[in-house]
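Here is a briefing on one protein model. Read it with the structure open.

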Amino acid sequence: MPQAMTPAAPPLPRVFAHRCGGALAPENTLAGLRAAAARGFTAVEFDVMLSADGTPVLIHDETLERTTNGRGRVCETPDAVLFALDAGGGERIPTLAEAAALCAELGLFANIEIKPAAGYELATGETVASFVADHWRGVPPLLSSFSRQALAAARRVAPQLRYGLLFEAVPRNWRRQMDEVGATTLHCAADCVRDTTIAAAAVAGVPVLCYTVNDPQAAQRLFARGVSGLFTDRLDPRDPLAAVA
């Protein structure tokens, strides 16, 4: 009998709202997801790490001071303390479960950056991938990370998901590093991406996604060079960046 074909993954969106809602809401909050959807965005990016209780939560930094009224390391803060903090404008730090439910409700595609605290790479990758595999509704998100350990751990748990490897400047051996963790998308800083990398990625069928692009003209130049997608803080509906979201 002929072998069943695996359905092709849907194409990635061209523009992602950075850290949920760009500059229009406190970063990595449910308010940000609502702001992105309200302005016509169909895709969002957010960061996830583990609390002291092992709960996956949306936050970028390993420490609480910059984005909340708390102090200390996220990985050493129990849920009871973490969820009582103000993450800006009265918002609180959301759980991954809450963000997943709201993405499903709003029809948002997500790029989840696995953001492990130092020493928690394996646990964070495994926890995030397990949650997504078991509980995500709708189109599964793209999971990305700077941490190859976290990505490898995630892929061992959920090999059916899509993974992206993050760099600032892309190294020459990027293909080997991607192959080692089963990544299918390449992410890097917009001001570091080289035309040779874009060309090689195109030949390999690897989408290149760039962060963080807030100038409409820079965005158009990146698309013209062959970049597949970008992350932006600019969610103004009058902005050309929003027009291509």
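Ala 84 sits in the loop between α2 (79-82) and α3; helices (H or I, at least four residues) and strands (E, at least two) are DSSP runs, numbered from the N terminus. This is a predicted model, in which local features need pLDDT of at least 70, side-chain atom pairs count only at pLDDT 80 or more, and totals for chains, interfaces and linings use all residues. Residues are numbered from 1 along each chain as its sequence is written, and side-chain values use heavy atoms, with hydrogens and water left out.

- Ala 84 is exposed, at a relative accessible area of 63%. Buried means under 20% relative accessible area, exposed over 50%, and partly exposed in between (1.4 Å probe, protein chains only).
- From Ala 84 to Gly 70 the C-alpha to C-alpha distance is 9.2 Å, and the two are 14 residues apart in sequence.
- Thr 67 belongs to the loop between β3 (56-58) and α2. Its relative accessibility is 16%, so Thr 67 counts as buried.
- Beyond its neighbours within four places in sequence, Thr 67 is in contact with Glu 27, Ile 59, Asp 86, Ala 87 and Gly 88. Contact means heavy atoms within 4.5 Å.

**Nonpolar cores**

- The largest nonpolar core has 55 residues. Such a core is a set of buried Ala, Val, Leu, Ile, Met, Phe, Trp, Tyr and Cys residues joined through side-chain atoms within 4.5 Å.
- Leu 33, Val 44, Phe 46, Ile 112, Trp 136 and Leu 143 have the most contacts inside this largest core.
- Helix α3 (residues 96-106) supplies the largest share of this core, five residues.
- Another core, of nine residues, lies apart from it; Met 49, Leu 64, Val 74 and Ile 93 are among its members.
- What does Leu 143 contact, leaving aside its neighbours within four places in sequence? The list includes Ile 112, Ile 114, Val 128, Val 132, Leu 151, Leu 161 and Tyr 163.

**Aromatic pairs**

- A search of the whole structure finds three aromatic pairs. Rings of Phe, Tyr and Trp (its six-membered ring) pair if their centres lie within 6.5 Å; planes under 30 degrees apart count as stacked, over 60 as edge-to-face and the rest as tilted.
- Phe 16 and Phe 231 make a tilted pair, because their ring centres are 4.9 Å apart and their planes are at 35 degrees.
- Phe 16 is in strand β1 (residues 15-17) and Phe 231 in strand β9 (residues 229-232), so this pair ties together parts that are 215 residues apart in sequence. Both Phe 16 and Phe 231 are buried.
- Phe 146 and Tyr 211 form an edge-to-face pair, because their centres are 6.3 Å apart and their planes are at 80 degrees.
- Phe 146 is in the loop between β5 (142-145) and α5 (148-157), and Tyr 211 in strand β8 (residues 208-211), so the pair ties together parts that are 65 residues apart in sequence. Phe 146 counts as partly exposed, at 43% relative accessibility.
- One aromatic cluster is formed by Phe 16, Phe 109 and Phe 231.

**Charges over rings**

- Arg 14 lies over the face of Phe 223, 3.8 Å from the ring centre. The criterion is NZ of Lys or CZ of Arg within 6 Å of the ring centre and within 35 degrees of the ring normal.
- Arg 92 lies over the face of Phe 83, at 5.4 Å from the ring centre.

**Helix α7**

- Thr 197, Ile 198 and Ala 201 are the buried residues of helix α7 (residues 195-204).
- They cover an arc of only 100 degrees around the axis, which puts them on the same side of α7. The arc is that of the directions from the helix axis to the C-beta atoms.
- Thr 196, Ala 202 and Val 203, on the other side of α7, are exposed.
- The cover over the buried residues of α7 includes α6 (174-181), β7 (185-189), β8 and α8 (216-225).
- Just after α7, Gly 205 has a positive phi of about 75 degrees.

**Cysteines**

- How many disulfides does a search of the whole structure find? It finds zero, a disulfide being a pair of cysteine sulfur atoms within 2.5 Å.
- The closest cysteine sulfur to that of Cys 20 is in Cys 103, 7.2 Å away, too far for a bond.
- Cys 20 is buried at 0% relative accessibility, and Cys 75 is buried with a relative accessible area of 5%.

- Arg 19 is not a glycine, yet has a positive phi of about 50 degrees. Arg 19 lies in the loop between β1 and α1 (30-38) and counts as buried at 18% relative accessibility.
- Asn 28 has a positive phi near 55 degrees. Asn 28 is in the loop between β1 and α1 and is buried, with a relative accessible area of 2%.
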